[in-house]
Amino acid sequence: MKIHFIYGTESGNAQYLCDDFKDESPQTFECEISEMNSIDPTNLDRDTFYVIVSATFGSGDVPSTADEFYDDLLEKKPDLSHINFAVFGLGDESFGETFAQGSQKLMEAMLACNANMVGERGIYDASTSEPPEVTGLPWWKSILEKISA
Ligand SMILES: Cc1cc2nc3c(=O)[nH]c(=O)nc-3n(C[C@H](O)[C@H](O)[C@H](O)COP(=O)(O)O)c2cc1C
């Protein structure tokens with residue numbers, strides 16, 4: 001199986017986390033990492049497992065490196081019933097009700113296109129002093145167990 005990590009970032013953390021996820025993945029998986037806006041959501045591959053890793057910017061918005069992907073999901077509404085995916089969000093709880101809303105919006109847009117979500121959305125809170133991989137890697141291992149079963 002192929003795993004494609006697609007990130008939405010402003011300051012790099014989501015992208016670095018994809019590197020960590022890739023490093024933790026067994027070599028039996030063929031892994032690729034891309035900026036989300038370089039991916040066309042109307043042309044996803046049924047044999048690939050997509051991992052959306054996204055920060056939140058503005059006021060609960062998807063980052064500028066993910067906005068075209070997100071807008072295409074909303075406007076073109078592709079049928080993604082053959083696509084499996086997981087979502088990990090980065091945010092900062094001190095932003096209150098917009099906490100991690102970028103990844104929430106991407107998740108809801110994928111589900112509205114009938115894509116199949118594996119596991120729960122993982123969330124990293126940047127207001128803690130921990131680096132993203134402290135919550136990210138246990139989440140990714142739990143997803144790996146599900147897609148390897
Ligand atoms: C200008 C700005 C706006 C932000 N807005 C939000 C927000 O509305 N909600 C939230 O949960 N986090 C918000 N954040 C926090 C980022 O999502 C968080 O720091 C994240 O770890 C950044 O990841 P990145 O390095 O991949 O861009 C904001 C950060 C900045 C600098």
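How many residues surround the ligand, and which are the closest?

**Figure 1. The shell around the ligand.** In this predicted model, local features need pLDDT of at least 70 and side-chain atom pairs count only at pLDDT 80 or more, while totals for chains, interfaces and linings use all residues. Residue numbers start from 1 along each chain as its sequence is written. Here 22 residues surround the ligand, with Thr 9, Ser 11, Asn 13, Ala 55 and Gly 91 the closest (near means a C-beta atom, placed from the backbone, within 6 Å). Helix 1 and strand 4 each give two or more residues to this shell (helices are DSSP runs of H or I, at least four residues, and strands runs of E, at least two, numbered from the N terminus).

**Figure 2. The largest nonpolar core.** This core has 39 residues, and Val 51, Val 53, Phe 85 and Leu 106 have the most contacts inside it. Membership takes buried Ala, Val, Leu, Ile, Met, Phe, Trp, Tyr and Cys residues joined through C-beta atoms within 7 Å; buried means 20 or more other C-beta atoms within 10 Å of the residue's own, with C-beta atoms placed from the backbone. Elements giving two or more residues include strand 3 (48-54) and helix 4 (132-148).

**Figure 3. A closer look at Val 53.** Skip the neighbours within four places in sequence, and Val 53 is in contact with Phe 5, Tyr 7, Ala 14, Leu 17, Cys 18 and Phe 88 (contact: C-beta atoms, placed from the backbone, within 7 Å). Across the chain, 80% of contacts between residues at least 6 apart in sequence join residues at least 24 apart.

How values were computed:
Contact = placed C-beta atoms within 7 Å. Buried ≥ 20, exposed ≤ 12 C-beta atoms within 10 Å, placed from the backbone.
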